[in-house]
Amino acid sequence: MRRFTKKRYILPIVASAFLFIGSSFKDDFFEIAKQIEIFTTLFKELNTNYVDETNPGELMDTAIKGMLASLDPYTVYFNEQDVLKFKINNTGEYTGIGALITQKSGKLILREVYKDFPADKAGFKAGDEIVQIGDVAIADFKEDASQLLKGAKNTKIAIKFLRQGKMNTTEIILDEVEIKSVPFYAKIDDKTGYIVLSRFNRKASNETKEALLELKKQGASQIILDLRNNPGGLLNEAINICNLFVSKNEVIVTTKSINEKHNNTYKTSFDPVDLEIPLVIIVNDKSASASEIVSGALQDLDRAVIVGSRSFGKGLVQKPIDLTYNTQLKVTISRYFTPSGRCIQALDYAHKDKNGLAVRTQEVNYNSFKTRKGRTVYDGGGILPDVQMPESKTSVIANALLKNDGIFNYATKYYYKNPNLGNQIPNFSNADFQDFKQFLKTQKISFDTETEESLKSTLAIAQKEGIDGAIINEYKQMLAAVQKSEESQLDNNQEEIKNLILEEIIKRYQYQEGFYSYYMKSNSEIKKAVSILGDTAIYSKILKF
């Protein structure tokens, strides 16, 4: 009886969720209704008759996510906890500890501690592993443990954590935390203002405007807007940021869909801050979505010079739709097009290869378009910068070191080995780099590149089929060759990796503020942007003034 009661409550949720999704397919209502009935019947009979006790909520979560996975990675279902996270990302405000936390392999690790927020005040450092929150042991908690660190303001939470192998206990007091869209801005020199825009939440355009006005007040007569590693966010915020630099009623982006109600043209609606100030935008392969709308629109309008490496290539627009019981569907509703008419979507999710992966648009199939002044730009593969800098794109081996925490863990070791550096910039020498390489070997940190992962996967399949004995020697030889190649890639990309290590180390001592202060004086892309802005002839030539 108890099991039946649980299922009785889940069925209306199922029906209402699928009816809502089905309502958008008005041209084939009968087929939708038929499939809903089949699914509802199946779900009821499965939960009633399955040999073991089922969890209807988990089953439904899996079913929905499996269905959406066949579409694109941006059409996703949010349960109640997911909805809370989504709102935090969009508003930039929550009550918590003020730290970036990741849960990986059953461990809850502090990745970055933000200055003057609760985690910082409690003495936490990047690299600390939280093992218990209140009475909850992280090892026994299978859900998102970071949610245990959110709650009402002034809530006190006892925490046990590991630091360099030693167990520590402390108490943290929750407080309001604001995630800034613009974490840093400053003048690089007498004329050049530098603005970092890291996300497009609801405060993005206001924070960017405030930074721009303050830099102009301080005497900046040219601006660098850094959109590297910005994954995007709210469409309206992207339009409003463009509006800072272009006239009112300027078309920034159009959206097109098979559903006519999602076909829209978005124009600027305010008076600009500055139509003339020279502007350079920096992007890289991790600049996506709203970042590409801003850089693409201002490139098409010949309003900014784009510097860096080709952007990610996300030309799809999502809309959050509230469902029952505080759940939500974020669904791809349209493609967006920049002012010149190009869609920069790189992956075609409607056409997939034999492995079920979306097909990438090949460069030979890109279409050309013209900017306002007649410059040629292309669709199909992100925003191609006017001034390309290969070093702006992260190498395969550096991506592997970021993914496997090789750089992060070494920075933690370095911090505790050199506790008194303070505001000094470390001199990360060649000897230090050799120490880093030895650290990777000692800690047995695998690079896990795609090649290595594919090779290991092949052996696993061979073992499953019982033929691994025939290929084991060849496998070992190939794996050794791959790993040797990966090690050589460390040396081939030494400068890039040293810079990434140094940047991570600086954040340990000087927080984000110190990192950006160092970065804007040392980074090659920023130096290039300053150089372009400092040469009126080059700037004008690029934009065909």
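Buried here means under 20% relative accessible area, exposed means over 50%, and partly exposed lies in between (1.4 Å probe, protein chains only). This is a predicted model: local features need pLDDT of at least 70, side-chain atom pairs count only at pLDDT 80 or more, and totals for chains, interfaces and linings use all residues. Residues are numbered from 1 along each chain as its sequence is written, and side-chain values use heavy atoms, with hydrogens and water left out.

Start with the whole chain. It holds 16 helices and 23 strands. These are DSSP runs numbered from the N terminus: helices are H or I of at least four residues, strands are E of at least two. The C-alpha trace spans about 80 × 60 × 60 Å along its principal axes. A compact globule of 545 residues would have a radius of gyration near 24 Å, and the chain agrees with 26 Å. That radius is taken over C-alpha atoms, and the globule rule is 2.2 Å times the number of residues to the power 0.38.

Now look inside. Buried residues make up 45% of the 545. Contact means heavy atoms within 4.5 Å. Among contacts between residues at least 6 apart in sequence, 69% join residues at least 24 apart.

Next, find helix α6, residues 204-217. Its 14 residues reach 20 Å from first C-alpha to last, close to the 20 Å expected at 1.5 Å a residue. The expected span is 1.5 Å times one less than the number of residues. In α6, A204, S205, E207, T208, A211, L212 and L215 are buried. Seen down the axis of α6, the buried residues fall within an arc of 165 degrees, so they line one face of the helix. The arc is that of the directions from the helix axis to the C-beta atoms. An α-helix has 3.6 residues a turn, so residues three or four places apart point the same way. On the other side of α6, E210 and K217 are exposed. The cover over the buried residues of α6 includes β9 (175-178), β10 (184-187), β11 (192-196), β12 (222-226) and α7 (235-243). Just after α6, G219 takes a positive phi of about 105 degrees.

Finish at I505, in helix α14 (residues 494-522). I505 is buried, with a relative accessible area of 0%. Leaving aside neighbours within four places in sequence, I505 is in contact with A411, Y414, P426 and F428.
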